[in-house]
Amino acid sequence: MNERAICISYFLNAEEREEKRNEKFLVRISVPKESRVSRRRKLFKTEERSEKPLCTLAFSLCVLLILLFLPLPAWAAQVQLERTPLTLELLQERLRTPMLREGSLTVDLRQMVIDLRPENGSFRDAFYQTLRKELGAKPLGLDLSYSLIQGDFVGSDLGLRTPLYAQAIAPIFTATEQKELERLRFVCLQSLAIALPNSKDCRSLLGTQLTPASEITVFRGVLTLVQTRFNGEVKFLNTFFLQSVDAQNATFLQPTNWTETRFSRPVSFMSANFRQASNFQSSVFFDKANFKQTQFQETANFQGSIFVNTANFNQASFKQLAKFSSGQWQDNADFSDVRFSDQAQFTKASFNQLLLTEATFEQAVSFREAEFNEPVNLRGASILNQADFSDARFATAAFLSVPGLTFNSNQAKILGNPGQIGKMFSIPTLQGNQNVLRNLGQNFRQQQQVTDANQLEYTKQQLRLTQLSRSLMATNINSATPASLINLGFSKTQAEAIAYRRRIKSFRSRSELLTLADIDLEKYMQLSDRLVVSEPLSPGAWLLQAWSWLTLSVLLLLSGYGTDFWLVFGVGGLAIACFGLLFWLVDRYRRLHPIPIIPTYYETTSMLVSFSLLTLFSLLAIFRNAEQPWLTLGCLLIIIIPIPIALLFKLYQQGRYHDLMNVSYFTEDGTFRQLRLLIGRLPVIPRNETFRERYMPLLWNRRWNWLNYYDFSLNNLLRLGFNDIRLRDEHLPGIISALAWYQWSLGVIYITLVLWTLSRTIPGLNLLIYLK
């Protein structure tokens with residue numbers, strides 16, 4: 001007989017079943033889709049075979065006609081089946097004849113109606129007393145699947161109460177069970193070691209005296225609650241389950257209390273429904289905890305809970321407040337595709353690896369003072385209100401992975417420690433994530449956290465540089481020759497297939513390679529990072545992109561794309577020191593013969609010591625602030641070393657033969673001696689007699705003369721100096737003039753970089769904030 005016939009037979013016998021039935025329960029069955037014609041044919045055939053009175057047939061026919069016009073899922077999803085009322089006699093019988101299930105003896109109380117209401121007090125007391133006696137004497141499991149529990153269910157009264165001291169544990173427990181009980185003390189020690197004294201029983205267990213708080217109720221067997229319906233409160237507080245707990249699809253209509261409960265084996269509340277508050281505060285899950293697709297209609301309290309193994313909350317739903325504060329996840333915490341309709345609290349929690357993929361936070365979520373040991377996966381998550389990461393601690397390898405994050409800075413915000421939280425965001429590619437970076441940057445600018453906003457801008461430009469590098473260096477599928485594709489790693493057949501496909505239609509994405517029959521997934525994964533899909537570049541377009549790549553690289557290396565003033569300061573300090581030493585050398589060390597023109601010992605020592613100190617401080621600034629300090633240093637040296645050294649080599653190679661050999665090449669304005677901002681100053685004095693009278697040569701015989709060369713270098717680079725020092729216009733070797741003009745040209749670029757960086761790093765200073 002098929003399922004449709006069973007349904008029809010059920011309704012035809014409705015009157016007889018009504019007399020026998022005491023209680024009902026719901027199960028889901030699948031009904032195959034059939035046409036209305038076939039339904040009616042089966043109905044007519046059933047009516048012909050039926051011997052029921054005419055009134056019963058008419059009633060059944062009306063019911064079936066109504067059901068036929070209702071949508072199939074509305075009436076076929078749940079059908080009421082009968083349950084058997086549990087009596088003391090039936091309970092005794094089931095206890096005497098336990099069933100063998102998965103290798104362990106289990107008391108079969110499935111499909112029962114268990115009345116534990118106060119008005120049935122005599123049965124309730126006998127129920128607890130009888131079960132406690134049997135379940136405590138031997139490790140029997142309890143199966144309440146598909147049953148209806150009326151009244152409060154105090155599950156902690158079914159176990160055996162025992163202290164958790166090795167010398168006091170009841171001898172009735174086996175050696176394996178005693179070892180399991182001792183595990184709790186180890187977890188408590190570990191909890192206290194990481195500053196998470198999360199439960200009062202942990203503190204009592206570590207004491208020296210036996211107290212009622214140091215005792216615990218032990219449930220020795222397997223507890224099965226598959227599709228069990230609890231009409232009253234469920235209480236399993238301070239219970240230690242030595243075997244697994246299976247509560248899949250269970251329904252809890254009233255509050256549940258699992259406070260300080262210990263689950264030694266896997267526990268599953270998959271697809272369970274908690275209609276009222278659920279309290280798992282300070283519980284310990286030694287094995288896997290499965291809350292997949294669980295619905296928490298009211299407050300869910302997991303404060304101070306410890307998950308030693310994987311905790312799976314995938315696709316769970318939290319309608320009200322979710323409390324996970326001070327929780328500890330020693331393995332993976334999977335909150336993928338979870339929906340938090342109200343606030344979520346993870347304050348002071350400790351995570352090994354947290355998965356929040358596609359999770360939705362409709363209200364505020366708090367990770368204040370949380371600890372993250374591994375990357376946090378927020379791929380595709382939605383933050384619609386506020387996410388607080390203040391004072392959160394990230395391990396060296398930890399960060400916030402936010403590709404595809406849904407976040408609108410005008411409606412929501414992310415909080416974190418200024419100067420720290422911006423460094424924690426990680427995005428693998430720029431494509432598809434520009435809006436994410438823009439919203440995150442806007443979020444921190446609105447909160448006046450300029451450093452974090454700049455860090456996100458730096459991340460964005462790094463991704464842009466990677467994108468430019470790939471477009472310049474990677475193989476373009478739409479323009480590469482078959483020989484290039486073969487050299488890259490494709491076979492000849494694959495290269496020919498790619499060439500044939502692009503003659504018909506150009507590729508628009510790398511994934512389109514998988515549509516070719518000759519290219520398998522392994523080859524695609526091996527070479528995808530070395531491929532790029534774009535329109536073929538002309539030589540001019542390629543040069544423009546190369547210039548963009550070079551400019552962006554220099555900006556990132558020397559200033560963090562205008563986000564790090566101290567890095568710019570270090571770069572400028574090193575350039576000033578090098579050019580100051582260079583100018584001192586060409587001015588004071590001219591020749592040895594016939595009359596030596598060389599600096600004094602004191603001046604040489606002062607110059608070298610000052611150069612070393614200034615270089616040291618500049619290098620410290622670079623290495624403390626640069627993302628890639630060695631590349632930054634290399635880039636700077638390429639700019640300030642080759643051309644000046646080449647000019648210097650040429651100068652000493654050809655020698656100097658000109659008038660005024662005993663007079664300094666550098667002159668100072670003798671009419672002023674003050675700190676000046678010399679924006680429009682040029683490195684050489686004008687050819688005018690009046691200016692020659694104002695500008696006087698530097699005095700070589702002064703002990704502080706070496707400071708003038710740093711002053712000139714400072715003038716050229718920062719347009720700032722204590723004296724207006726310039727080169728003379730008479731009898732000046734062109735190489736020395738070229739050297740000064742070269743630094744002056746670099747100074748134009750450098751002062752622009754300084755002003756741009758200041759405008760991006762100081763709130764309210766908007767000089768060049770739009771210069772990008």
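These legends go with a set of close-up views of a predicted model.

**View A. Helices α19 and α22 run past each other.**
Here we look at helix α19, residues 642-654, and helix α22, residues 734-761. Their axes come within 10 Å and cross at roughly 170°. An angle over 145 degrees counts as roughly antiparallel, so that is how α19 and α22 are arranged. The crossing of α19 past α22 is left-handed. On the α19 side, the residues that meet α22 are Ile-643, Pro-644, Leu-647, Lys-650, Leu-651 and Gln-654. Facing them from α22 are Ile-735, Ile-736, Ala-738, Leu-739 and Tyr-742. Sorted by class, this contact has 9 nonpolar residues, 1 polar and 1 charged.

**View B. Val-754 sits in helix α22.**
We stay with α22 and pick out one of its residues, Val-754. Is Val-754 buried or exposed? With a relative accessibility of 9%, Val-754 counts as buried. Setting aside neighbours within four places in sequence, Val-754 is in contact with Val-568 and Leu-718. Phe-565 is 189 residues away from Val-754 along the chain, yet the C-alpha atoms of the two are separated by 7.5 Å.

**View C. Arg-339 and Glu-362 meet in a salt bridge.**
This pair is one of the 18 salt bridges found in a search of the whole structure. From N to O, the two side chains are 2.6 Å apart. Arg-339 belongs to strand β31 (residues 339-340), while Glu-362 is in the loop between β34 (360-361) and β35 (365-366), so the pair ties together parts that are 23 residues apart in sequence. Arg-339 is partly exposed, at 39% relative accessible area. Glu-362 is partly exposed too, at 23%.

**View D. Glu-512 has salt bridges with Arg-501 and with Arg-508.**
For Arg-501 and Glu-512, the closest N and O atoms are 2.9 Å apart. Arg-501 is in helix α13 (residues 492-504) and Glu-512 is in the loop between α13 and α14 (521-527), so to speak a link between distant parts of the chain, 11 residues apart. For Glu-512 and Arg-508, the closest N and O atoms are 3.5 Å apart. What about burial? Arg-501 and Glu-512 are both buried, and the value for Glu-512 is 14% relative accessibility. Arg-508, at 63%, counts as exposed.

**View E. Five residues form a network of salt bridges.**
The linked residues are Arg-94, Arg-101, Asp-108, Arg-110 and Asp-143.

**View F. A cis peptide bond joins His-593 and Pro-594.**
Omega for this bond is about -5°. Where is Pro-594 found? Look in the loop between α16 (565-588) and α17 (601-625).

Ser-271 is placed in the loop between β19 (267-268) and β20 (273-274). Arg-719 lies in the loop between α21 (707-718) and β50 (720-721). At 22% relative accessibility, Ser-271 counts as partly exposed, whereas Arg-719 is buried, with a relative accessible area of 3%.

Conventions: Residues numbered from 1 in each chain as written. Predicted model: local features only at pLDDT ≥ 70, side-chain atom pairs only at ≥ 80, totals over all residues. Heavy atoms only, no water. Axes fitted to C-alpha atoms, helices over the stretch in contact; angles between N-to-C directions. Helix = DSSP H or I, 4+ residues; strand = E, 2+ residues; numbered from the N terminus. Parallel < 35°, antiparallel > 145°, perpendicular 65-115°, else oblique. Left-handed = near helix turned anticlockwise from the far one by under 90°. Contact = heavy atoms within 4.5 Å. Nonpolar A, V, L, I, M, F, W, Y, C, P; charged D, E, K, R; others polar. Salt bridge = Lys/Arg side-chain N within 4 Å of Asp/Glu carboxyl O. Buried < 20%, exposed > 50% of the residue type's maximum accessible area, 1.4 Å probe, protein only.
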